[in-house]
Amino acid sequence: MNTSFSRPATAPAPAHLARLADYRVLVAPGLHGSGPEHWQSRWQRLYPNFERVEQTDWSQPDLPRWSQRLGEVLAQSGRPAVIVAHSFGCLATVHRAAALQAEAGSAFPIAAALLVAPADPGKFEVGDEVSYRLRFPALVVGSENDPWMSAPRARQWAKTWGASFHQAGALGHINAESGLDDWLAGQELLLGLLEQVRPSGW
């Protein structure tokens, strides 16, 4: 087990950190990446072992290409992976899970996914490509006033994906402009999601 995580002031307790260290955590940003004050970037500073999935062109929402890049990163290790995705990164995560299931009969090594403020597939005309029921624990976190996905549609897509749904309040697109800092509530949601993962299912 990798136990190199340190405990910053805004991080959960050591017992939770040990649980987190069981996984390879991949950070999948949305369009334009996540800037330094985005909670995803702040989590990477809190947890240096978190890995960012870097896209060749952050300005182009190319679902197959983004999905393929995520697949390449996943293939670098056989450890069970938890994906922490935001916005268009959520759509790439669902697309890659569907591709893995079709190719190998399993979405492994994906063990769970935290899908925060997903972009509306309809806005990118990729609804058919991401209409897939995930075979691992997933949590969609929505906002009451997200300009990229209305709360009712976020809840509906969570149902389509077979994911749980959490209404986080009026947090906009749940990004840097939302003023979340290290978003401790989000860290707790991630840890709660991990409690649903069954090692026997890896």
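Ala117 lies in the loop between strand 4 and strand 5 (138–142). The model is predicted. Although Ala117 is not a glycine, its phi is positive, at about 45°. Ala117 counts as buried, with 1% relative accessibility.

A positive phi is also found at Ser87, likewise a residue other than glycine, where the value is near 55°. Ser87 sits in the loop between strand 3 (81–86) and helix 4. Ser87 is buried, because its relative accessible area of 7% falls under 20%.

| Residue | Phi | Relative accessibility |
|---|---|---|
| Ser87 | near 55° | 7% |
| Ala117 | about 45° | 1% |

Another backbone feature is the cis peptide bond between Phe108 and Pro109, with omega about 15°. Pro109 belongs to the loop that runs between helix 4 (88–104) and strand 4 (110–116).

Strand 5 has partners in strand 4 and strand 6. Strand 4 and strand 5 run parallel and are joined by 4 bridges. Strand 5 and strand 6 (residues 164–167) also run parallel, with 4 bridges between them. Leu139 of strand 5 stands opposite Leu114, and the bridge partner of Leu139 in strand 6 is Ser164. From strand 5 the chain passes through helix 5 (residues 151–161) to strand 6, forming a right-handed β-α-β crossover.

How many residues of strand 5 are buried? The count is 5 of the 5, so strand 5 is largely enclosed by the rest of the structure. Both of its faces are covered: Ala138, Val140 and Gly142 are buried on one side, and Leu139 and Val141 on the other.

Key
Residues numbered from 1 in each chain as written. Predicted model: local features only at pLDDT ≥ 70, side-chain atom pairs only at ≥ 80, totals over all residues. Heavy atoms only, no water. Helix = DSSP H or I, 4+ residues; strand = E, 2+ residues; numbered from the N terminus. Buried < 20%, exposed > 50% of the residue type's maximum accessible area, 1.4 Å probe, protein only. Pairing = 2+ DSSP bridges. Right-handed = clockwise from strand over helix to strand, strands pointing away.
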